[in-house]
Amino acid sequence: MGINLGEVFPNFEADTSKGKIKFHDWIGDSWGILFSHPADYTPVCTTELGELYGLVSEFTQRSVKLIALSCDDVTSHLGWIKDIQSYRKQPQVTDDFPYPIISDPKRELATQLGMIDPAEKDAAGLPLTCRAVFIIGPNKTLKLSMLYPATTGRNFKEIIRCVDSLQLTECKKVATPANWVQGGKCMVVPSVKEEDVPKLFPKGVELIPVPSGKQYLRFTPQP
């Protein structure tokens, strides 16, 4: 199945390591990121959730809530959390874990969101989830999605960069160019008319000339 950018993210109900949730109620007026993982007690997943553990404050200051998903059950999640905390050299107290982990043993949510990786199976021969990333806006629509195979861990600095870009371009008439980082130059979106540029971009706009003569490479300081 799957979900397209701009569509309302499913308002699913699920059991998690922090109790039952209904997704839209859980996310509230915040941004949210759902990270899926192939299985509990696996090496790459443990490093990823450990890395995420250390970056919670970065997401919190951006008003982003975090939630993970694995195909194992809640009891397994609670045991795995202690391993993640140990890896991070933190006290092994499951109540202190900063974000919930969804239980999806029947792969219902994984199937609904198009996260099944047919190349990866558990001991029973059931397919596992890939490493998916879904960034959801306060209006509950999907803003960005990424899929990684089980063998490739995610770059969380890139995910934070994407959040920064999404939140900036949500309210300003700019786009972020290749390798943009917070504070870097942005690009004026093509829909902005030339006569509106001075009012919208008082810091000025740099036009890059190109052989076509088309005036579309317009850079401006980050608004």
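Trainee: How many salt bridges does a search of the whole structure find?
Mentor: The search finds nine. A salt bridge is a side-chain nitrogen of Lys or Arg within 4 Å of a carboxyl oxygen of Asp or Glu. This is a predicted model, in which local features need pLDDT of at least 70 and side-chain atom pairs count only at pLDDT 80 or more, while totals for chains, interfaces and linings use all residues. Residues are numbered from 1 along each chain as its sequence is written, and side-chain values use heavy atoms, with hydrogens and water left out.

Trainee: Why is the contact of Arg 131 and Glu 48 called a salt bridge?
Mentor: The N to O distance is 2.9 Å. The cut-off is 4 Å, so the pair qualifies.

Trainee: What does the pair of Arg 131 and Glu 48 tie together?
Mentor: Arg 131 lies in strand β8 (residues 131–136) and Glu 48 in helix α2 (residues 43–54), so the pair ties together parts 83 residues apart in sequence. Helices (H or I, at least four residues) and strands (E, at least two) are DSSP runs, numbered from the N terminus. Glu 48 and Arg 131 are also linked with Arg 154 in a network of salt bridges.

Trainee: How do you know that Asp 164 and Arg 62 form a salt bridge?
Mentor: Their closest N and O atoms are 2.6 Å apart, and the limit is 4 Å, so the label holds. The pair links distant parts of the chain, 102 residues apart: Asp 164 is in helix α6 (residues 156–171), and Arg 62 is in the loop between α3 (56–60) and β4 (64–70).

Trainee: What makes Asp 164 and Arg 62 buried?
Mentor: Buried means under 20% relative accessible area, exposed over 50%, partly exposed in between (1.4 Å probe, protein chains only). Asp 164 has 8% and Arg 62 has 15%, so both count as buried.

Trainee: Where do Glu 194 and Arg 218 lie?
Mentor: Glu 194 is in the loop between β11 (186–188) and α7 (197–200), and Arg 218 is in strand β13 (residues 218–220), 24 residues away in the chain.
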